[in-house]
Amino acid sequence: MDGNGRWAKQQGKARHAGHRAGVETVRSVIEVCGQHGVKVLTLFAFSSENWQRPKTEVKMLMELFFTALNREIKRMHKRNVRLRIIGDISAFSDKLQQLIRESENITAANDGLLLQVAANYGGRWDITQAARKLAGRVESNELHPDQITESELAQCLSCADVPDPDLFIRTGGEKRISNFLLWQCAYTELYFCETLWPDFSKDDLLAAFQDYAGRQRRFGRTAEQMQ
Ligand code: IPE
Ligand code: MG
(Lines give C-alpha, C1' and ligand atoms only; values in the text may rest on other atoms or scores of the structure.)
(Ligands and ions follow the chains in the order given, each with its own letter.)
Protein backbone atom coordinates (compact mmCIF):
# COMPACT_ATOMS: atom_id res chain seq x y z
CA MET A 1 0.00 0.00 0.00
CA ASP A 2 2.19 2.84 -1.21
CA GLY A 3 1.54 6.47 -2.09
CA ASN A 4 -0.36 7.89 0.88
CA GLY A 5 2.13 10.70 1.43
CA ARG A 6 2.25 11.73 -2.23
CA TRP A 7 -1.54 11.63 -2.43
CA ALA A 8 -1.77 14.02 0.52
CA LYS A 9 0.82 16.33 -1.02
CA GLN A 10 -1.17 16.45 -4.26
CA GLN A 11 -4.16 17.56 -2.24
CA GLY A 12 -2.15 20.16 -0.38
CA LYS A 13 -2.66 18.24 2.87
CA ALA A 14 -0.38 16.80 5.54
CA ARG A 15 0.86 13.19 5.12
CA HIS A 16 -1.50 12.17 7.93
CA ALA A 17 -4.48 12.88 5.69
CA GLY A 18 -3.09 10.44 3.14
CA HIS A 19 -2.80 7.67 5.71
CA ARG A 20 -6.35 8.29 6.88
CA ALA A 21 -7.62 8.18 3.29
CA GLY A 22 -5.65 4.97 2.81
CA VAL A 23 -7.76 3.25 5.47
CA GLU A 24 -10.84 3.77 3.26
CA THR A 25 -9.05 1.97 0.45
CA VAL A 26 -8.24 -0.90 2.80
CA ARG A 27 -11.91 -1.27 3.57
CA SER A 28 -12.94 -1.37 -0.09
CA VAL A 29 -10.14 -3.75 -1.10
CA ILE A 30 -11.14 -6.19 1.65
CA GLU A 31 -14.71 -6.02 0.39
CA VAL A 32 -13.82 -6.62 -3.27
CA CYS A 33 -11.44 -9.47 -2.39
CA GLY A 34 -14.19 -11.10 -0.33
CA GLN A 35 -16.62 -10.80 -3.24
CA HIS A 36 -14.17 -12.27 -5.75
CA GLY A 37 -13.22 -15.37 -3.85
CA VAL A 38 -9.74 -14.29 -2.78
CA LYS A 39 -8.80 -16.63 0.05
CA VAL A 40 -5.89 -14.71 1.56
CA LEU A 41 -5.10 -11.01 1.41
CA THR A 42 -1.91 -9.74 3.01
CA LEU A 43 -1.57 -5.99 3.42
CA PHE A 44 1.80 -4.43 4.15
CA ALA A 45 0.85 -1.76 6.68
CA PHE A 46 4.10 -0.98 8.47
CA SER A 47 7.57 -2.32 7.75
CA SER A 48 10.43 -2.97 10.13
CA GLU A 49 12.09 0.04 8.49
CA ASN A 50 9.14 2.43 8.86
CA TRP A 51 10.28 3.22 12.44
CA GLN A 52 12.87 5.45 10.79
CA ARG A 53 10.19 7.89 9.67
CA PRO A 54 9.71 11.13 11.61
CA LYS A 55 8.51 10.47 15.18
CA THR A 56 5.23 12.32 14.64
CA GLU A 57 4.38 10.20 11.60
CA VAL A 58 5.19 6.94 13.42
CA LYS A 59 3.04 8.04 16.36
CA MET A 60 0.20 8.95 14.02
CA LEU A 61 0.42 5.59 12.22
CA MET A 62 0.28 3.71 15.54
CA GLU A 63 -2.78 5.70 16.62
CA LEU A 64 -4.40 5.14 13.25
CA PHE A 65 -3.72 1.42 13.43
CA PHE A 66 -5.46 1.34 16.81
CA THR A 67 -8.50 3.45 15.87
CA ALA A 68 -8.99 1.79 12.47
CA LEU A 69 -8.76 -1.72 13.92
CA ASN A 70 -11.05 -0.81 16.79
CA ARG A 71 -13.60 0.63 14.40
CA GLU A 72 -13.40 -1.94 11.59
CA ILE A 73 -13.18 -5.21 13.49
CA LYS A 74 -16.95 -5.58 13.92
CA ARG A 75 -17.54 -4.99 10.22
CA MET A 76 -14.85 -7.52 9.33
CA HIS A 77 -16.32 -10.07 11.72
CA LYS A 78 -19.75 -9.59 10.13
CA ARG A 79 -18.19 -10.24 6.74
CA ASN A 80 -16.71 -13.51 7.98
CA VAL A 81 -13.13 -12.18 7.72
CA ARG A 82 -10.44 -13.84 9.83
CA LEU A 83 -7.78 -11.39 10.92
CA ARG A 84 -4.16 -12.17 11.62
CA ILE A 85 -1.31 -9.77 12.25
CA ILE A 86 2.11 -10.86 11.06
CA GLY A 87 5.26 -9.14 12.30
CA ASP A 88 6.98 -8.38 15.58
CA ILE A 89 4.10 -6.88 17.52
CA SER A 90 6.09 -6.86 20.76
CA ALA A 91 7.38 -3.42 19.72
CA PHE A 92 3.85 -1.96 19.90
CA SER A 93 2.17 -0.44 22.94
CA ASP A 94 0.48 -2.84 25.37
CA LYS A 95 -2.86 -1.32 24.41
CA LEU A 96 -2.35 -2.03 20.72
CA GLN A 97 -1.02 -5.52 21.37
CA GLN A 98 -4.10 -6.22 23.48
CA LEU A 99 -6.45 -4.99 20.75
CA ILE A 100 -4.61 -7.10 18.15
CA ARG A 101 -5.01 -10.22 20.29
CA GLU A 102 -8.68 -9.50 20.94
CA SER A 103 -9.37 -8.83 17.27
CA GLU A 104 -7.66 -12.05 16.24
CA ASN A 105 -9.61 -13.99 18.85
CA ILE A 106 -12.98 -12.53 17.88
CA THR A 107 -12.52 -13.50 14.24
CA ALA A 108 -10.56 -16.74 14.78
CA ALA A 109 -13.39 -19.08 13.78
CA ASN A 110 -14.38 -17.17 10.62
CA ASP A 111 -13.84 -19.07 7.41
CA GLY A 112 -14.14 -16.30 4.78
CA LEU A 113 -11.24 -14.15 3.65
CA LEU A 114 -8.08 -14.50 5.73
CA LEU A 115 -6.80 -10.96 6.14
CA GLN A 116 -3.17 -10.79 7.16
CA VAL A 117 -1.90 -7.39 8.15
CA ALA A 118 1.87 -7.15 8.11
CA ALA A 119 2.83 -4.73 10.88
CA ASN A 120 6.39 -4.21 12.03
CA TYR A 121 7.06 -6.86 9.44
CA GLY A 122 10.08 -7.45 7.27
CA GLY A 123 10.88 -10.41 5.05
CA ARG A 124 14.39 -10.50 6.50
CA TRP A 125 13.01 -10.38 10.03
CA ASP A 126 10.74 -13.31 9.17
CA ILE A 127 13.56 -15.48 7.84
CA THR A 128 15.78 -14.50 10.77
CA GLN A 129 13.20 -15.43 13.37
CA ALA A 130 12.67 -18.76 11.58
CA ALA A 131 16.44 -19.39 11.67
CA ARG A 132 16.44 -18.59 15.39
CA LYS A 133 13.68 -21.12 16.04
CA LEU A 134 15.54 -23.81 14.10
CA ALA A 135 18.78 -23.03 15.93
CA GLY A 136 16.94 -23.50 19.22
CA ARG A 137 15.74 -26.90 18.11
CA VAL A 138 19.26 -27.87 17.04
CA GLU A 139 20.63 -26.72 20.39
CA SER A 140 18.15 -28.88 22.24
CA ASN A 141 19.04 -31.85 20.03
CA GLU A 142 15.55 -32.04 18.56
CA LEU A 143 16.90 -31.44 15.10
CA HIS A 144 20.15 -32.24 13.29
CA PRO A 145 21.51 -29.48 10.96
CA ASP A 146 21.13 -31.93 8.04
CA GLN A 147 17.41 -31.95 8.72
CA ILE A 148 17.08 -28.22 8.02
CA THR A 149 15.28 -28.31 4.72
CA GLU A 150 13.34 -25.64 2.81
CA SER A 151 10.10 -27.04 4.08
CA GLU A 152 11.38 -27.17 7.67
CA LEU A 153 12.37 -23.51 7.47
CA ALA A 154 9.13 -22.54 5.71
CA GLN A 155 7.20 -24.03 8.62
CA CYS A 156 8.85 -21.57 10.98
CA LEU A 157 7.85 -18.50 8.96
CA SER A 158 4.99 -16.17 9.88
CA CYS A 159 2.38 -17.58 7.52
CA ALA A 160 3.46 -21.21 7.49
CA ASP A 161 -0.07 -22.52 7.11
CA VAL A 162 -0.90 -20.27 4.16
CA PRO A 163 0.04 -20.90 0.50
CA ASP A 164 2.63 -18.61 -1.09
CA PRO A 165 1.03 -15.50 -2.61
CA ASP A 166 -0.11 -15.79 -6.24
CA LEU A 167 -0.14 -12.06 -6.89
CA PHE A 168 1.80 -9.16 -5.40
CA ILE A 169 0.42 -5.67 -6.05
CA ARG A 170 2.34 -2.52 -5.27
CA THR A 171 0.62 0.80 -5.79
CA GLY A 172 2.31 4.19 -6.06
CA GLY A 173 4.63 3.51 -8.98
CA GLU A 174 7.77 2.23 -7.21
CA LYS A 175 9.05 -1.04 -8.57
CA ARG A 176 10.49 -2.86 -5.62
CA ILE A 177 9.49 -5.41 -2.99
CA SER A 178 10.78 -3.40 -0.01
CA ASN A 179 11.33 -6.35 2.29
CA PHE A 180 7.81 -7.77 2.01
CA LEU A 181 7.29 -11.55 2.00
CA LEU A 182 10.74 -12.31 0.55
CA TRP A 183 10.79 -16.08 0.96
CA GLN A 184 7.13 -16.51 0.11
CA CYS A 185 7.27 -14.35 -3.04
CA ALA A 186 9.84 -16.57 -4.81
CA TYR A 187 7.34 -17.41 -7.58
CA THR A 188 4.72 -14.74 -7.01
CA GLU A 189 3.53 -12.71 -9.99
CA LEU A 190 4.52 -9.07 -9.50
CA TYR A 191 2.21 -6.24 -10.49
CA PHE A 192 3.07 -2.57 -10.17
CA CYS A 193 0.59 0.21 -10.73
CA GLU A 194 0.97 3.98 -10.72
CA THR A 195 -2.20 4.71 -8.77
CA LEU A 196 -1.52 6.10 -5.31
CA TRP A 197 -2.99 3.90 -2.60
CA PRO A 198 -5.81 6.26 -1.50
CA ASP A 199 -6.98 6.38 -5.15
CA PHE A 200 -6.69 2.62 -5.70
CA SER A 201 -10.21 1.68 -6.77
CA LYS A 202 -12.20 -1.46 -7.35
CA ASP A 203 -11.43 -1.11 -11.07
CA ASP A 204 -7.70 -0.87 -10.36
CA LEU A 205 -7.89 -4.08 -8.36
CA LEU A 206 -9.90 -5.86 -11.03
CA ALA A 207 -7.36 -4.69 -13.64
CA ALA A 208 -4.63 -6.35 -11.57
CA PHE A 209 -6.66 -9.59 -11.41
CA GLN A 210 -7.17 -9.38 -15.17
CA ASP A 211 -3.45 -8.94 -15.77
CA TYR A 212 -2.71 -11.87 -13.47
CA ALA A 213 -5.18 -14.05 -15.40
CA GLY A 214 -3.05 -13.56 -18.52
CA ARG A 215 0.20 -14.70 -16.91
CA GLN A 216 1.64 -18.13 -17.44
CA ARG A 217 3.10 -19.51 -14.26
CA ARG A 218 5.82 -22.04 -14.90
CA PHE A 219 7.60 -22.42 -11.57
CA GLY A 220 10.88 -23.09 -13.37
CA ARG A 221 9.43 -25.44 -15.98
CA THR A 222 9.22 -24.81 -19.74
CA ALA A 223 6.15 -23.46 -21.50
CA GLU A 224 5.72 -26.80 -23.29
CA GLN A 225 5.60 -28.65 -20.01
CA MET A 226 2.74 -26.48 -18.84
CA GLN A 227 0.41 -27.46 -21.70
C1 IPE B 1 2.41 3.99 2.44
O2 IPE B 1 2.39 5.30 1.95
C3 IPE B 1 2.00 3.91 3.89
C4 IPE B 1 3.01 3.38 4.81
C5 IPE B 1 4.20 2.93 4.49
C6 IPE B 1 2.66 3.35 6.22
P7 IPE B 1 3.67 6.23 2.07
O8 IPE B 1 3.61 6.93 3.37
O9 IPE B 1 4.92 5.43 1.84
O10 IPE B 1 3.44 7.25 0.88
P11 IPE B 1 4.53 7.96 -0.02
O12 IPE B 1 5.40 6.89 -0.61
O13 IPE B 1 5.29 8.91 0.84
O14 IPE B 1 3.70 8.65 -1.08
MG1 MG C 1 6.15 5.14 0.20
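This is a predicted model: local features need pLDDT of at least 70, side-chain atom pairs count only at pLDDT 80 or more; totals for chains, interfaces and linings use all residues.
Residues are numbered from 1 along each chain as its sequence is written, chains are lettered from A and ligands numbered from 1 in the order in which they are written, and side-chain values use heavy atoms, leaving out hydrogens and water.

**Ligand 1**

- Helices here are DSSP runs of H or I with at least four residues, strands are runs of E with at least two, and both are numbered from the N terminus.
- A backbone N or O atom of R6 lies 2.7 Å from an oxygen atom of ligand 1.
- For G5, a backbone N or O atom is 2.9 Å from a ligand 1 oxygen.
- For N4, the corresponding distance from a backbone N or O atom to a ligand 1 oxygen is 3.1 Å.
- Taken alone, ligand 1 exposes 380 Å², and the protein buries 86% of that. Areas come from the Shrake-Rupley method with a 1.4 Å probe.

**N120**

- N120 sits in strand β3.
- Its relative accessibility is 6%, so N120 counts as buried. Buried means under 20% relative accessible area, exposed means over 50%, and partly exposed lies in between (1.4 Å probe, protein chains only).
- The side chains of N120 and W51 are joined by a polar contact of 2.9 Å. Such a contact is a pair of N or O atoms within 3.5 Å; within protein, one must be able to donate a hydrogen and the other to accept it, and residues adjacent in sequence count only if both atoms are side-chain atoms.
- Leaving aside residues up to four places away in sequence, N120 touches F46, S47, S48, W51, G87, D88, A91 and F92. Contact means heavy atoms within 4.5 Å.

**Helix α5**

- Helix α5 (residues 123-139) has 17 residues. From first C-alpha to last, α5 reaches 24 Å, close to the 24 Å expected at 1.5 Å a residue.
- Buried in α5 are G123, D126, Q129, A130 and L134. They cover an arc of only 140° around the axis, which puts them on the same side of α5.
- These buried residues pack against β3 (114-121) and α6 (150-154).
- On the other side of α5, R124, R132 and E139 are exposed.
- N141 follows α5 and has a positive phi, near 60°.

How values were computed: The expected span of a helix is 1.5 Å times one less than its number of residues. The arc is that of the directions from the helix axis to the C-beta atoms.
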